[in-house]
Amino acid sequence: MAKKKSIIDFYNMKASGDKVCWLTSYDFPTAQFAEAAGLDMILVGDSLGMCVYGYKGTVPVTMDQCIVHCEAVRRGAPNTFIVGDMPFMSYQTSDEAAVENAGRFLKEADVDAIKLEGGVRVASRIKAIVEAGIVVIGHIGLTPQSSGALGGHKAQGRTAKDAAMVVEDALAVQEAGAQMLLVEAVPPEVAQYITETLTIPVFSIGAGKECDGQLLIVSDLIGQFQAFTPKFVKKYCDVAGIVTDAMKAYCKDVRGGSFPEDQHCYHMIEGEKEKFLSEMKK
Ligand code: KIV
């Protein structure tokens, strides 16, 4: 069994150029698969709102939901670095609320780090959480919780002016003490500049290959989430198709009488059938 990685390993990987692989997971079996596959890190993202609960976005997701899913993922992946994702309104109101909710992830779900969205505007929250001794991963660029304010799920930093703002956010996250940074949906040129400028590991989701590692949403990667597929996703299998076909085959078998077969039945112990039938006649 591979040893659980720590942030020191992620810093060493940045120095040596070894890429960090992470994926989201929301449940026990998927976390088991991720650990068996050798993922370095798992994010229990608030994307669970869409991928598990069928909400339109991440805004309705609560702390309690995040904690329950983190607990399940920890049980499935006891030797993997797990990141809890702070949901909307769990850190926006005050530094105190941010520290309290970040602490819940560690105390109740045994995660290794938390992630929160925003750069300059959440610098004091990051500082407060880091001062409480909790490992923080910043998240800038396209930040889904504030996609309304960004005008939708749009790539960020595509003009020189906007790119400079993304860089300003990246510097603010590092300055506030975050130990790692995730950059979402920004041009690879901008992500590369950030990766080379910052001393902390910088990871990409839709930000090109020059970062220190990559994240994808597991439901996209396995072809389970069907509402939409962002441009940056590579589908590695078609779970929706595989599962739907299996269900169709099951219905066909049941309706046609070919399931269950004898091998799927628990027969009575030898000699008991006759006793049973004569008992029923009494
Ligand atoms: O919730 C999540 O899965 C995320 C990713 C989109 C980065 O925050």
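P260 sits in the loop between α10 (239-256) and α11 (272-281). Find the bond that joins F259 to P260: this peptide bond is cis, with omega at about 0°. Keep in mind that you are looking at a predicted model.

M89 is not a glycine, and yet its phi is positive, at about 75°. Why point out these two spots? Most residues other than glycine have a negative phi, and most peptide bonds are trans.

The crossing in which α2 passes α4 is right-handed. Which residues make the contact between them? On the α2 side they are F28, A31, Q32 and E35, and on the α4 side A72, V73, R75 and G76. Sorted by type, the residues of this contact are four nonpolar, two polar and two charged.

Helix α4 also packs against helix α5 (residues 95-109), with the axes 9 Å apart and an angle of about 35°. Here, too, the crossing is described by its hand: α4 passes α5 in a right-handed crossing. From α4, the contact involves M63, D64, C66, I67, C70, E71 and R74. From α5, N101, R104, F105, E108 and A109 take part. This contact of α4 with α5 divides into six nonpolar residues, one polar and five charged.

Finally, look for the ligand. What surrounds the ligand? You will find T24, L43, G45, D46, S47, D85, K115, H139, L182, E184, L215 and I217 around it.

| Residue | Distance to a ligand oxygen atom |
|---|---|
| D46, polar side-chain atom | 2.8 Å |
| S47, polar side-chain atom | 2.5 Å |
| D85, polar side-chain atom | 3.1 Å |

To try this yourself, select D46 and look for its polar side-chain atom 2.8 Å from a ligand oxygen. Then do likewise for S47, at 2.5 Å, and for D85, at 3.1 Å.

Definitions and conventions:
Residues numbered from 1 in each chain as written. Predicted model: local features only at pLDDT ≥ 70, side-chain atom pairs only at ≥ 80, totals over all residues. Heavy atoms only, no water. Left-handed = near helix turned anticlockwise from the far one by under 90°. Helix = DSSP H or I, 4+ residues; strand = E, 2+ residues; numbered from the N terminus. Contact = heavy atoms within 4.5 Å. Nonpolar A, V, L, I, M, F, W, Y, C, P; charged D, E, K, R; others polar. Near = heavy atom within 4 Å. Polar contact = N/O pair within 3.5 Å; in protein donor to acceptor, adjacent residues only side chain to side chain. Axes fitted to C-alpha atoms, helices over the stretch in contact; angles between N-to-C directions.
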